[in-house]
Amino acid sequence: MRKHSVLAWSMVVALGGFLFGFDTAVISGAEKSIQQFWHLSVFEHGLTISIALIGTVIGSLFGARPSDLFGRKNTLYFVAAAYLLSSVGTALADNWYMFLTFRLLGGLGVGISSVTAPIYISEVSPAGRRGRLVGLFQFNVVLGILISYLSNYLISQGGEASWRWMLGVQAFPSALFLVLIYFIPESPRWLILKKNETAKALEILRIINPLNCEQELAAIKSSSLVDASDAKARLFSGQYKTPVILAVLFAFFNQVSGINAIIYYAPRIFEMAGLGAHSSLLSTVGIGLINFIFTLLGINIIDKVGRRILMLVGSFGLIASLFLVAVTFYSGHFSGFAIPLYMMIFIAFFAFSQGAVIWVFISEIFPNQVRAKGQTLGSSTHWIMAAIIAFCFPYLAESLGGAVTFSFFCIMMVCQLVFVWKFMPETKGRSLEQIGTNMVMH
């Protein structure tokens with residue numbers, strides 16, 4: 001029963017990941033209808049698509065504050081409410097400015113949930129299952145993207161107002177998320193470090209780790225004493241240099257692989273490679289499915305083989321697939337489905353490595369006192385880089401061509417391989433306190 005309690009809590013919080021994925025991708029099916037409905041200029045249309053991404057960057061930058069101040073659970077209530085209001089508000093919006101406001105609110109929800117949800121799951125998970133449980137968050141992000149594509153396709157048959165239903169349907173899982181948060185406990189580590197509520201924390205630890213709950217309580221309390229001399233626990237003080245560098249580089253490499261360029265612009269890339277519009281859309285659905293399958297595989301083996309092995313294998317696969325894409329563009333000999341095939345290999349290796357590992361690794365490497373701030377740093381680096389790549393990709397692809405653009409992504413993945421090989425530590429099977437102590441000492 002107790003084992004299943006932690007799984008149930010993690011699944012509830014990972015529902016925030018599902019809404020994160022759904023909210024991010026749902027606009028792709030509605031954007032043309034919205035442009036026509038409000039007669040938007042090119043600039044206004046661009047702003048309409050990117051406003052949620054702007055909200056995500058803001059939410060990820062400030063996500064640590066509510067998480068530390070009000071607790072992980074109360075912050076998740078805000079996230080669920082933001083998703084619910086955003087979906088209802090965008091569906092019912094009677095002018096463009098109202099629509100933008102509610103899309104921005106949805107983006108804030110995505111940004112804050114990318115900080116708070118992985119922290120919460122990592123703090124309630126036993127060490128031996130933490131990778132798989134935090135990985136549920138990323139799995140649900142990918143599932144949310146896939147379901148939003150499917151939902152858009154089914155709803156698109158419904159006539160002129162179908163775009164309102166595409167956006168409004170998210171209200172149902174958002175309301176469910178809001179209700180289910182009531183049934184999860186607060187993070188025991190937050191209760192000890194921020195509220196000094198030891199008895200309440202021990203009750204929760206007894207469910208998480210019945211055999212060693214007293215030892216775990218003692219380890220959490222002693223980890224808080226390490227930072228007692230520095231009450232504010234400044235993230236950029238010298239003692240946290242190692243986890244700060246690891247989180248920033250990990251998030252940076254996640255995006256310079258070209259993943260978001262490929263997910264946002266897959267049909268455009270396939271058309272550059274000579275496919276027709278219909279075949280391009282079909283290939284995009286294939287990418288969504290492969291992303292889903294290999295993320296599931298990655299999170300199922302992350303606690304057995306470790307984070308580092310997944311990243312090493314993934315880096316080799318990413319280098320090879322990006323190299324093949326660049327060479328194919330360079331040669332100009334597009335043999336039908338060559339580029340979509342290489343792209344799908346790329347997605348498989350990405351989902352299996354970076355996709356499955358990023359939120360797990362960043363949520364583990366920071367000591368208890370600065371975990372929320374560290375997760376904010378990793379998450380905001382990820383989203384700022386995502387915005388830069390998404391904005392720059394169309395220009396780069398058009399002015400430099402596919403060969404140069406994908407060669408750049410390939411070179412970046414060679415750099416990632418060196419980073420993983422030389423600098424990335426293994427965190428498999430160790431408690432958060434052990435990892436945190438090790439990071440500060442080295």
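How many residues of domain 1 are in contact with residues of domain 2? In this predicted model, 41 residues of domain 1 are in contact with 40 residues of domain 2, where contact means heavy atoms within 4.5 Å.

**Ground rules**
- Because this is a predicted model, local features need pLDDT of at least 70 and side-chain atom pairs count only at pLDDT 80 or more, while totals for chains, interfaces and linings use all residues.
- Residues are numbered from 1 along each chain as its sequence is written, and side-chain values use heavy atoms, with hydrogens and water left out.

**The two domains**
- The protein splits into domain 1 (1-211) and domain 2 (241-441), with bounds from an automatic or database domain assignment.
- Their C-alpha centres are 21 Å apart.
- Domain 1 and domain 2 bury about 3400 Å² between them, with 67% of it on carbon and sulfur atoms; buried area is the accessible area (1.4 Å probe) that two parts lose on being put together, summed over both.

**Helix 4 with helix 8**
- Helix 4 (residues 72-92) packs against helix 8 (residues 171-181) at about 160°, and their axes are 8 Å apart.
- Here helices are DSSP runs (H or I, at least four residues) numbered from the N terminus, and axes are lines fitted to C-alpha atoms over the stretch in contact, with angles from 0 to 180 degrees between N-to-C directions.
- The two are therefore roughly antiparallel, a label for angles over 145 degrees.
- Helix 4 passes helix 8 in a left-handed crossing, meaning that the near helix is turned anticlockwise from the far one by less than a right angle (right-handed if clockwise).
- Among the residues in this contact are Leu76, Tyr77 and Leu84 of helix 4, and Phe177, Leu178 and Ile181 of helix 8.
- By class, the contact of helix 4 with helix 8 has 13 nonpolar, 2 polar and 1 charged residues; Ala, Val, Leu, Ile, Met, Phe, Trp, Tyr, Cys and Pro count as nonpolar, Asp, Glu, Lys and Arg as charged, and the others, Gly among them, as polar.

**Helix 9 with helix 10**
- The axes of helix 9 (residues 188-195) and helix 10 (residues 198-208) come within 8 Å and cross at roughly 155°.
- This crossing is left-handed.
- Pro188, Leu191 and Ile192 of helix 9 meet residues of helix 10 including Lys200, Ile204 and Ile208.
- The contact of helix 9 with helix 10 has 7 nonpolar, no polar and 1 charged residues.

**Helix 16 with helix 17**
- Helix 16 (residues 338-364) and helix 17 (residues 371-423) pack at about 160°, with axes 10 Å apart.
- Helix 16 passes helix 17 in a right-handed crossing.
- Residues in this contact include Trp359 of helix 16 and His382 of helix 17.
- The contact of helix 16 with helix 17 divides into 6 nonpolar, 8 polar and 1 charged residues.

Note on methods: Angles under 35 degrees count as roughly parallel, over 145 as roughly antiparallel, 65 to 115 as roughly perpendicular and the rest as oblique.
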